[in-house]
Amino acid sequence: MELKNEKLVRMVNISKYFGEVAALRKENFEVGYNEVVGLIGDNGAGKSTLIKILTGVHPPGKGRIYFQGEEITYHSVERARELGIETVYQERALGEQQALWKNIFMGREMTTHLGFLQVKKAKKETERILKEVIGFTAAGLTPDSIVERLSGGEKQGVAIARALHFKAKLIILDEPTMGLSLSETKKVLNFVKGIKEQGKSCIFITHNIYHVYPVADRFVVLDRGRTVGEFIKKDISLEKLVNKLYLVARTGEISQN
Amino acid sequence: MLKRYLKLSEFKLQWSIFAVLVALFTLFIMGAPRIFLAPDMYYSFMSTIPFMTIMALALTPVIICKEIDLSFPSVMGISAWMFASLSASTGNPTLALIISLITGLLAGLLNGILVVKVGIPSLIVTIGTMFFWKGLVLVFSAAGGITLVPLRGTILFQSLVGRIGGVIPAQALWAVGLAFLFWLILNRHKFGTHIYFTGDNIESARMMGIPVNKVKILVFTQLGFFAAFAGILLDLEMSYYWPTSGEGYLLETIAAVFLGGTSAFGGMGTIFGTFIGCIIIGSLESGIISVGLSGYWTNLIYGLVIVISVSIHSILRRRT
């Protein structure tokens with residue numbers, strides 16, 4: 001049941017200190033249903049702390065987290081996954097030396113009662129997932145392909161397809177375009193569109209506004225542990241957004257007008 | 001283009017190690033045809049190589065997990081002592097067998113816990129436990145041997161190290177059977193997949209819900225268990241417990257695993273490779289002596305075979 005005004009994720013008044021250092025200060029953050037949020041900010045702005053709290057890696061120091069309107073009281077990595085929150089890290093998502101089909105089912109193998117792999121079934125399903133879930137096609141790519149041989153963008157495609165297949169409701173992409181060539185970046189952005197088309201939500205973490213602008217619905221700008229700006233795409237042009245970001249970089253503030 | 005994604009090198013790697021084996025045996029046959037074309041030499045290999053093979057099979061998943069264990073020969077030693085002294089003192093070899101296997105299992109478990117829960121690198125932990133078990137054996141046994149001759153002819157003896165059809169050593173069948181079991185687990189079972197992912201990319205494995213700590217502990221535990229099993233087989237084969245049991249197995253077993261193409265970087269390795277690696281390492285010394293070289297050449301040739309094979313693996317892996 002999706003309530004009309006309910007958000008998929010609501011993080012309210014989140015504060016987090018590491019020793020004396022404030023990583024987040026009374027931060028509020030939301031993701032709507034079927035919404036792609038661009039989470040923008042420099043290193044140390046608090047992006048990854050925010051995400052780690054959401055995905056159960058860090059406990060929040062203070063504050064509340066709601067998922068589909070219900071408060072999450074005991075949060076952990078397992079709990080986040082059960083809820084349907086999946087993170088796709090560029091470098092850390094896949095086992096490079098293993099076959100593609102094994103990666104798709106990593107940790108959730110298709111097995112018989114005794115735990116033996118259903119190899120044929122899993123390979124067939126892998127083909128279907130890649131094709132149907134995100135329209136992933138690449139010449140010569142088969143379920144037996146070794147992940148190491150895939151390009152950076154293709155690897156992300158596999159990781160995203162995997163997350164969508166396993167009913168993720170929210171997919172978090174951590175710097176998905178970092179270090180990728182232009183054509184690879186394009187592929188990744190297409191995969192993000194695929195997430196949206198599947199009716200799912202996405203947090204796209206980046207410090208490259210040019211990459212996230214075409215695919216996001218809303219932008220949240222973090223600086224030194226708090227939100228300094230929030231923009232709906234249809235209200236702001238890329239140019240204006242870029243100017244605002246320069247302003248943050250210089251002053252740490254964004255004028256909202 | 002079509003070949004871009006496939007990893008043909010993994011097959012090539014297995015063929016290359018097999019080719020090394022064939023090349024060596026060709027040399028042996030040419031150098032000593034009378035010895036290497038007669039079955040006796042092969043029966044002898046079948047009686048000696050299995051001890052190392054069983055431990056190498058069990059060591060393979062540990063190395064695939066990107067860990068190492070240096071203590072298994074000492075675990076073999078303590079278990080061998082345990083089996084010998086208990087069956088001598090109680091007269092019940094089955095009980096001795098069970099307790100000895102449990103000892104090995106617990107020793108492996110201890111390694112696993114120290115690595116995973118205490119967080120000590122396995123190289124360091126197992127240097128410690130290696131000395132510990134070895135020292136314990138010396139203290140307990142007071143460096144004395146134990147005869148196991150009374151066990152000859154028992155069903156236990158026959159089924160573990162008897163001669164099938166009067167010629168084939170039972171331990172060879174155990175080694176082959178276990179090789180199949182390990183292959184099955186690594187390639188066709190969920191646990192095997194978890195082992196590969198744990199060694200390949202522990203962060204993503206953890207993120208994807210693979211219980212990486214449990215995987216590592218289990219992997220160390222089974223090595224302890226199979227080291228004990230090898231120790232018992234050795235006791236029975238010799239019909240005597242030597243306080244030096246286990247010595248000399250460390251480097252040869254590790255070399256066999258690496259020779260077989262298992263990568264020290266984790267996530268890669270095959271049972272087929274390990275099995276062939278064991279045959280190579282286990283037959284090299286006899287081969288060298290049979291062709292008329294003095295025993296002094298053994299280490300040098302070990303070194304050459306290992307370095308050349310591992311270089312071939314590395315080159316095959318790099319080429320895409």
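**Exercise 1. Find the residue with positive phi that follows helix α1 of chain A.**

Solution. Go to the end of α1(A). A:Gly56 follows this helix, and its phi is positive, near 85°. Helices here are DSSP runs of H or I with at least four residues, strands are runs of E with at least two, and both are numbered from the N terminus. The model is predicted: local features need pLDDT of at least 70, side-chain atom pairs count only at pLDDT 80 or more, and totals for chains, interfaces and linings use all residues. Residues are numbered from 1 along each chain as its sequence is written, while chains are lettered from A and ligands numbered from 1 in the order in which they are written.

**Exercise 2. List the buried residues of α1(A).**

Solution. Apply the burial test. A residue is buried if 20 or more other C-beta atoms lie within 10 Å of its own, exposed if 12 or fewer, and partly exposed in between, with C-beta atoms placed from the backbone. Helix α1 covers residues 47–54 of chain A. Its buried residues are A:Lys47, A:Thr49, A:Leu50, A:Ile53 and A:Leu54. Now recall helix geometry. An α-helix has 3.6 residues a turn, so residues three or four places apart point the same way.

**Exercise 3. Work out the strand order of the four-stranded open sheet in chain A, and explain its edges.**

Solution. The order is β2-β1-β4-β5, with antiparallel pairing. Strands pair if DSSP finds at least two bridges between them. β2 (21–31) and β5 (70–71) of chain A are the edge strands; each has a single partner, so one side of each lacks a neighbour in the sheet. Next, take β1(A), residues 9–18. Seven bridges join β1(A) to β2(A), in the antiparallel sense. One residue pair to locate: A:Arg10 has A:Glu30 of β2(A) as its bridge partner.

**Exercise 4. Describe the contact between chains A and B by residue count and class.**

Solution. Count first. 25 residues of chain A are in contact with 23 residues of chain B; contact means C-beta atoms, placed from the backbone, within 7 Å. Then sort the chain A side. That side has nine nonpolar, nine polar and seven charged residues. Nonpolar means Ala, Val, Leu, Ile, Met, Phe, Trp, Tyr, Cys and Pro; charged means Asp, Glu, Lys and Arg; the others, Gly among them, are polar.

Terms used
Two residues are in contact if their C-beta atoms, placed from the backbone, lie within 7 Å.
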